[in-house]
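Reader: Could you take me through one part of this model in detail? I'd like the cut-offs along the way.

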Amino acid sequence: MLKILRINTRTREYTFEDLGAYAGLGGRALTSRIVSQEVPAGIHPLSAANKLVLAGGILACTNAANSGRTSVGAKSPLTGGIKESNSGGQFAHKLPKLGLLAIVLEDKPEDGADFTTLLIKKDKVEFLDAKNLVGKLNYAAHDVLKAAYGDKVVTALVGPAGEQCLMTANIQFSDPDGRPSRSAGRGGLGAVMGSKKVKAIVLDPEAKDSVEPADGEKFKTARKRWLDILMGHPVTSQGLPTYGTAILINIINEAGALPTKNFRSGRFDGASKISGETMTETIKARKGAYKHGCHTGCVIQCSQVYNDKNGEYLTTGFEYETIWGFGANLLVDDLDDIAVMDRTCDEIGMDTIEMANTMAMAMEAGLVKWGDGKGVIELLKKVGTKDPLGRILGNGTDFTAKAFGVDRVPVVKNQALPAYDPRAVKGIGVTYCTTTQGADHTAGYAVCQNILKVGGDVNTLGKAGQVEISKNLQVATAAVDSLGLCLFVAFAVLDTADAVSVIADMVSGLTGKPYTADDVVALGVNCLKDELAFNKAAGFTAEHDQLPAFFRNEPLPPHNTVWDFTAEEMQAAKIA
Amino acid sequence: MVISLKCFAQLGVYLPENAEAYALHPGDTVAAVVERLGLPQAEVKLVFVNGLKAGFDTVLKDGDRLGLFPAVGGG
């Protein structure tokens with residue numbers, strides 16, 4: 001049986017605990033259960049009472065395709081609510097080899113304490129002096145750790161932003177190529193890790209435990225069918241591998257929903273220059289890789305290796321959201337500049353969506369001109385330094401808007417909006433408003449039914465059916481995140497009749513106990529109940545489930561629609 | 001009568017040279033244009049006319065903006 005490793009960052013005591021009441025959970029269901037049960041909702045997120053939970057999903061210990069995603073949970077410094085931030089990388093793949101389902105960082109050292117590196121070995125934790133890493137950017141820090149522990153070392157890092165406990169700080173996980181490129185981006189969880197004075201978590205590359213499925217034949221049969229489902233769907237077998245998530249730039253622009261110049265228009269004149277098609281051509285010309293997996297076991301391969309003009313590695317995991325945020329939303333149409341911004345965020349350890357919106361605030365304030373990519377790069381590089389401006393920017397969209405008197409602030413629950421204008425994709429707006437996470441597209445990706453004709457088809461500009469779609473997707477997403485599966489499996493799952501029962505069969509084959517499609521649904525429902533209970537106790541009410549007023553007051557070209565849901569109308573999207 | 005025509009992702013190879021001012025026959029539907037491009041209809045998952053989802057039977061008119069996509073996902 002896998003265990004939970006609890007580490008007290010103040011006393012340096014640690015315990016390997018049986019799962020006990022947490023048995024049967026994994027990923028987001030586990031992080032949210034631990035946070036909702038063990039962290040008082042009213043606490044300051046940077047205080048000793050917060051806990052940082054890093055977990056693999058229920059299927060992380062198997063070789064099922066795309067089952068290696070990592071969930072990170074805590075009370076969010078950015079939203080003040082519960083947070084699960086989901087990442088690729090090798091961390092969740094390695095945890096079971098150490099006999100672990102999750103690691104929980106508790107308490108915090110006294111003021112003035114030095115940063116530590118936690119070296120996690122089988123049955124043992126070592127607290128190492130992190131002086132050799134403090135102040136370093138993530139790639140340089142990971143290089144130091146590779147030199148010490150080998151190229152296969154698996155790490156979780158906070159960059160300078162996390163060291164300073166800034167609200168945009170993320171946690172960067174190492175990928176299969178040995179780069180710290182994968183981000184648990186949203187909600188400032190790097191600040192929680194930084195507050196506990198942990199610079200790096202290192203998983204012993206020598207660990208080689210394995211978990212055998214209890215019913216090997218059942219698991220194997222289900223696993224084979226699972227692979228066929230993913231490889232048989234055009235989105236997961238062709239579109240995503242070839243063009244990455246940036247394939248969305250053109251279609252969201254065509255649909256008039258690509259937020260441009262801080263959500264003033266749904267179309268960007270420079271869209272084709274920053275599209276997935278252009279990215280793939282550029283990558284091919286520079287001999288990068290347009291097919292690339294973020295974790296061992298990924299068959300969708302939506303990532304890429306993006307080289308600069310000289311053919312030198314620049315970035316990977318170059319996502320649609322990042323390209324939109326630093327591109328269309330800032331009127332920047334130079335893909336190389338946007339790639340540098342992506343890398344800069346990965347280096348300093350910042351969420352790209354939050355920082356992109358923060359840069360829009362900087363443009364509103366006149367700190368940098370609209371469209372000035374080089375100016376944006378200079379501003380980003382201030383974060384994590386001693387420059388007070390870096391401290392302001394590094395605290396995100398709302399904080400920066402307040403510092404400079406900007407009133408056009410696209411946030412819900414203080415978290416900045418992603419890459420779909422809710423006036424032209426009403427269903428994703430319902431998710432932005434009602435998810436426990438603050439404005440988050442992944443929490444209930446209604447773009448599927450609104451734009452992509454996956455899992456259904458509704459009028460994206462209308463209200464009909466949107467609340468129900470968002471609710472069902474929020475449940476499904478919570479289940480996917482708890483199983484440790486990549487969310488992109490949903491494109492195939494939504495269109496395949498037996499997919500959920502095949503997933504249930506994989507769990508049943510693993511545990512040797514009955515597990516049905518109903519259990520998969522219950523996993524998602526119960527996860528959301530935990531999260532909603534935490535947020536309610538933290539003071540969130542229906543009034544917080546709404547977009548800023550400008551979405552209601554300003555029609556969005558080209559369709560000239562406005563946001564017209566009341567908070568009350570959307571309450572049915574939340575699990576009762 | 002002309003339309004602005006765009007074929008995205010894998011469908012880009014079917015884009016004609018005069019795509020920005022693609023000549024239309026009176027009464028042309030999306031299906032007729034797709035056929036004239038030599039593009040198998042089964043490869044087209046999403047049709048947008050003037051930024052709105054449309055069908056193969058949608059009749060096109062002068063000045064329309066037609067976008068054709070294969071199955072697409074991301075996020």
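Which residues in α6(A) are buried?

Author: First, the ground rules. This is a predicted model, where local features need pLDDT of at least 70, side-chain atom pairs count only at pLDDT 80 or more, and totals for chains, interfaces and linings use all residues. Residues are numbered from 1 along each chain as its sequence is written, chains are lettered from A and ligands numbered from 1 in the order in which they are written, and side-chain values use heavy atoms, with hydrogens and water left out.

Now your helix. In α6(A), the buried ones are A:F219, A:A222, A:W226, A:I229 and A:L230 (buried is under 20% relative accessible area, exposed over 50%, partly exposed in between, with a 1.4 Å probe and protein chains only). They cover an arc of only 90° around the axis, which puts them on the same side of α6(A); the arc is that of the directions from the helix axis to the C-beta atoms. Over on the other side, A:E217, A:K220, A:T221 and A:G232 are exposed.

What do the buried residues pack against? In chain A, they pack against α7 (234-243), α19 (489-493) and α20 (499-511), contact being heavy atoms within 4.5 Å. Helices here are DSSP runs (H or I, at least four residues), strands likewise (E, at least two), numbered from the N terminus.

The length works out too: α6 of chain A (residues 216-232) has 17 residues, so at 1.5 Å a residue it should span 24 Å, and its end C-alpha atoms are 24 Å apart, which agrees. That expected span is 1.5 Å times one less than the number of residues.
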